[in-house]
Amino acid sequence: GGTVDENFLFDSRNKARVFFSSDITQSVSVHMNLGLMFDKLDNRLFNATDFTIPAEGFYESYFDPGLDVTIPMDSFLLSFMMNPELSVSLFDNRFSLRWASIKRDWGVGFNNFQLSSSAREFNAIDGSMAFTDWLHFSFIIGSLGKFSLAVDDTTKKMWIGEGTDRRIFFTDPFHENHFSNNYSAHRVELRLPGNLTFSIYEALVWQKRFEIGYLNPFTVYMLEQNISSDYDEMIAGFDIQWHVKGKLRAYGAISTSEMNEITPSLFFKHPRNILAMQAGIDLALPIGSFSSMTAQYTYLGPFFYTHQPVKNINGNGKIEQIVSYVNKGENLGYPLDPNSDEILLHASIGLPEGWRIQTTGKYQRRSGQYGYAIDMYMDYSAAEDGKYELKDFTNNLIEKKISVEIGAEKTMETFPLKISGSYRFGWNTKRLHVSDETHTDDTGTAIIKSTFSDAWSAPSITHAVTLQISIYR
């Protein structure tokens, strides 16, 4: 709980969970988490890009089964969670295969472009192969999910939040079928001399259909997408990291979903060069146990993770299908709005007797020139006609946010109990939206330029305290 502009609010998340685990053989194991949720969520206490829903599918009221659920919630509501997992490991762990709905983290950073640790779970088959000590290959093929909230009567969309602070919740309401998508990705990792590791990857969000090429983990998705008529959302990129064992790790990553201009002077400015970049460093701290500090910069360009609506090629051709890079209405990749950047500092210090102290600071900026929200896609005909201006990030800033969180956790040594607590300070200021310039063609109407007020709003201040207690067996 805490205060937002001196108004007291609280967010409560309560879960009773049962767990099953069995090693069937030395090579095959089964795990299952199944839980009942009883929550009252309030997004206003969180940094907007950090807020997540912990449940699956939908919430419902025990007393009012037909309740239209919105966030912030007015009362405690019921839902569930589950994480099934079947895993196989063969050839001295050089080949592993897993069928699971779990969190995954693919990349080198503190959250990543391809698959982020903050992303919601989804059902998938993933595998990894060590062809040699220096060549590793990973793949994943899965089915993305949805989460249903009440639909706004005016916009016919789902939102989280209220007033000018509300954010689009980009998924389907119950019984609708616009976000019916699968996910395929793979990653090749080369371990080079000099403690260098280089990785290259592709990832694809695609309409649910029997596209056998996308089910082959060894295909080249970029070429396969062209064979399939370019309906789907694809990102590709590479990352590199260098480490000194026990002391530091430096890393960088670049990703793209569209490349159109290679002229050096326009490479980072052209609107159809849709890019994301990241650089950071981890340092081992000479205090406590397993202590470290991370400094990281991340930039998502305009339209990154977005995709224009396409016709449902699996049905009657009339339903618009959305293949943006989202799962259950939230991020699959880095938890940041398009056309935004972030400076992140994080430290974790392990202390004796089961104590750990962690702190995370973020400074985020968002530019409002164009393509600054997940539902704002590029209009390619407008781009071909030169209607988009060159990118100008700093001169079109519309939002600045600071979030500082300090926390501690204690794991009991003689009793199955973990207690954690944290304090978060949030600061946010923005410019108010005034108008949009649009372009309409056969694919629909897209925003090609937005205008905002010159004045910045008075800062919104958040003080939030979190207490978490976990009893396990």
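Predicted model: local features only at pLDDT ≥ 70, side-chain atom pairs only at ≥ 80, totals over all residues.

Residues are numbered from 1 along each chain as its sequence is written, and side-chain values use heavy atoms, with hydrogens and water left out.

Salt bridges, then. The term means a side-chain nitrogen of Lys or Arg within 4 Å of a carboxyl oxygen of Asp or Glu. The whole structure has 28 of them. One joins Arg120 to Glu56, at 3.4 Å from N to O. Arg120 is in the loop between strands E6 and E7, Glu56 is in the loop between E4 and E5, and 64 residues separate the two. Strands here are DSSP runs of at least two residues, helices runs of at least four, both numbered from the N terminus.

Is this pair buried or exposed? Buried means under 20% relative accessible area, exposed over 50%, and partly exposed in between, with a 1.4 Å probe and protein chains only. Arg120 has 3%, so it is buried, and Glu56 is buried at 10%. Arg120 also forms a salt bridge with Glu121, at 3.9 Å.

Another salt bridge, at 3.7 Å, links Arg366 and Asp337. Arg366 lies in strand E22 and Asp337 in the loop between E20 and E21, so the pair ties together parts 29 residues apart in sequence.

Next, the second largest pocket, with about 870 Å³ of space. Its lining has 42 residues, and those closest to the centre are Gln225, Asp230, Asp232, Met234 and Ser257. Strand E13 gives the largest share of the lining, 5 residues. Helix H1 is among the elements that give two or more.

Last, the surface. Tyr297, Ile343, Tyr363, Ile402, Val404 and Ile406 make a nonpolar patch of about 480 Å². Residues in a patch have over 30% relative accessible area and no salt bridge; nonpolar side chains are joined within 5 Å, like charges within 9 Å. Which strand gives the most to the patch? Strand E23, residues 397–411, with 3 residues. Ile406 is in E23 and is partly exposed, at 48% relative accessible area.

That's the end of the talk.

Notes. Areas by Shrake-Rupley, 256 points an atom, 1.4 Å probe, with all protein chains shown as cover. 1 Å grid on protein atoms, 1.4 Å probe; cavity = no way out; pocket = protein on both sides within 12 Å on 5 of 7 lines; lining within 4 Å. Points joined across faces, edges and corners; volume = space filled by probe spheres on them.
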